[in-house]
Amino acid sequence: KQWYQRRVRGAKEPIVYGHQYSVEKTPELFYYSMLSLYKPWRSESDIVGDSESYKEEFFKEVNSNDQLRQAAQQKMNIEKARAKMAQEADAKINKDGAASDVQDQEDDDYEYDSGDNTVLDQGLRDYQAVNNSSDIKTEEDLAAFVSTLNAGQLRVYNRVTQH
């Protein structure tokens, strides 16, 4: 009895890696990357062929190259889905923005307590604990603290507060 399976040549698609350019943000780089991945070429000039631009060559080649057409369609669908998700997130933020603005105007001593044991909740609790334990409460306290810093600490402090 055979305990191993023979590998069938050509049964799997090769894994091809390439940079993910956006057709909306950098169209020429997108078309160039798609052509360089899916169009046969030996030199850089073979990619653009006799066309004026990568976009023009892409649309010439996409009609005859099924693999290029499928890959491009998949990338464009992913971009459309990402754009739709971003719009939905912005709409949700804008809808919830009015409620969060009211919460932002409340007292600074607001205690966050959702009862969950998530990483976010723990981070917020840690942040509140650090703020509550700080001796620096006023501008004068901050100035007195800064005066105690050595040269290296002062350089880092200035860099962080200026940016």
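Visitor: In what order do the elements of the chain run from the N terminus on?
Guide: This is a predicted model, and what follows is computed from it. The chain has seven helices and zero strands. From the N terminus on, the elements therefore read, with helices and strands taken as DSSP runs, as α-α-α-α-α-α-α.

Visitor: What share of the residues of the chain count as buried?
Guide: A residue is buried when its relative accessible area is under 20%. The accessible surface of the chain comes to about 14200 Å², with 52% of it belonging to carbon and sulfur atoms. Of the 163 residues, the share that counts as buried is 16%.

Visitor: Of the contacts with a separation of 6 or more, how many percent come from residues 24 or more positions apart?
Guide: A contact here means heavy atoms within 4.5 Å. Among contacts in the chain with a separation of 6 or more, residues 24 or more positions apart account for 33%.

Visitor: How many salt bridges does the count come to?
Guide: The rule asks for a side-chain nitrogen of Lys or Arg within 4 Å of a carboxyl oxygen of Asp or Glu. One of the pairs is Asp-66 with Arg-69, whose closest N and O atoms are 2.1 Å apart. By this rule the count is four.

Visitor: Which residue forms a salt bridge with Glu-57, and what parts does the pair tie together?
Guide: The closest N and O atoms of the pair are 2.7 Å apart, and the partner of Glu-57 is Lys-39. Glu-57 lies in helix H3 (residues 54-61) and Lys-39 in the loop between helix H1 (27-38) and helix H2 (44-48), so the bridge joins parts 18 residues apart in sequence. The parts are thus helix H3 and the H1-H2 loop, and the partner is Lys-39.

Visitor: Are Glu-57 and Lys-39 buried or exposed?
Guide: The cut-off for buried is under 20% relative accessible area. Glu-57 has 6%, and Lys-39 has 12%. Because both values fall under that cut-off, Glu-57 is buried and Lys-39 is buried.

Visitor: Which residues are linked with Lys-60 in a network of salt bridges?
Guide: Lys-60 forms a salt bridge with Asp-50, the closest N and O atoms being 3.5 Å apart. Lys-60 is in helix H3 and Asp-50 in the loop between H2 and H3, so this pair ties together parts 10 residues apart in sequence. Lys-60 is partly exposed at 41% relative accessibility, while Asp-50 is exposed at 68%. The residues linked with Lys-60 in the network are Asp-50 and Glu-56.

Visitor: In which helix do Asp-66 and Arg-69 lie?
Guide: Asp-66 counts as partly exposed at 46% relative accessibility, and Arg-69 counts as partly exposed at 35%. The two are three residues apart, about one turn of the helix, and both lie in H4 (residues 66-104).

Visitor: What kind of aromatic pair do Phe-58 and Phe-59 form?
Guide: The structure holds six aromatic pairs. In this one the rings are 5.2 Å centre to centre, with 85° between the planes. Planes over 60 degrees apart count as edge-to-face, so the pair of Phe-58 and Phe-59 is edge-to-face.

Note on methods
Residues are numbered from 1 along each chain as its sequence is written. This is a predicted model: local features need pLDDT of at least 70, side-chain atom pairs count only at pLDDT 80 or more; totals for chains, interfaces and linings use all residues. Side-chain values use heavy atoms; hydrogens and water are left out. Helices (H or I, at least four residues) and strands (E, at least two) are DSSP runs, numbered from the N terminus. Buried means under 20% relative accessible area, exposed over 50%, partly exposed in between (1.4 Å probe, protein chains only). Accessible areas come from the Shrake-Rupley method with a 1.4 Å probe; for residues, only the protein chains shown count as cover. Rings of Phe, Tyr and Trp (its six-membered ring) pair if their centres lie within 6.5 Å; planes under 30 degrees apart count as stacked, over 60 as edge-to-face and the rest as tilted.
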